[in-house]
Amino acid sequence: MQGNYLENHELEPDIEIYNTPESQLKGEDRQLEEAVKVMLQTVKK
């Protein structure tokens, strides 16, 4: 088996977005929205 054993190792996200309690109550997911935006920008290149 090759690769890194990642159990019990903290992984940092590439882009940090905080979901506020207010946005969660509205059913919004700012993390998902930003991820899709970045992905679409990458695909356009």
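Reader: Let's start with Asn19: where is Asn19 found relative to α1?

Author: Asn19 is found in the segment before α1. Helices here are DSSP runs of H or I with at least four residues, strands are runs of E with at least two, and both are numbered from the N terminus. This is a predicted model, where local features need pLDDT of at least 70, side-chain atom pairs count only at pLDDT 80 or more, and totals for chains, interfaces and linings use all residues. Residues are numbered from 1 along each chain as its sequence is written, and side-chain values use heavy atoms, with hydrogens and water left out.

Reader: Is Asn19 buried or exposed?

Author: Buried means under 20% relative accessible area, exposed over 50%, and partly exposed in between, using a 1.4 Å probe and protein chains only. Asn19 is buried, at a relative accessible area of 13%. Ser23, in helix α1 (residues 21-25), is buried too, at 4%. Of the 45 residues of the protein, 4% count as buried.

Reader: Which residues is Asn19 in contact with, beyond its neighbours within four places in sequence?

Author: Contact means heavy atoms within 4.5 Å. With those neighbours left aside, Asn19 is in contact with Gln24, Asp29, Arg30 and Gln31.

Reader: What polar contact joins the side chain of Asn19 to another side chain?

Author: A polar contact is a pair of N or O atoms within 3.5 Å; within protein, one must be able to donate a hydrogen and the other to accept it, and residues adjacent in sequence count only if both atoms are side-chain atoms. The side chains of Asn19 and Asp29 are joined by one of 3.2 Å. A polar atom of the Asn19 side chain also lies 2.9 Å from the backbone nitrogen of Arg30.

Reader: Which residue caps the N-terminal end of α2?

Author: That is Asp29, with a side-chain oxygen 3.2 Å from the backbone nitrogen of Gln31.

Reader: How many Å should helix α2 span?

Author: The expected span is 1.5 Å times one less than the number of residues. The 15 residues of helix α2 (residues 30-44) should therefore span 21 Å, and the end C-alpha atoms are 21 Å apart, which agrees.

Reader: How many helices and strands does the protein have?

Author: Its secondary structure comes to two helices and zero strands. The C-alpha trace spans about 45 × 30 × 15 Å along its principal axes.
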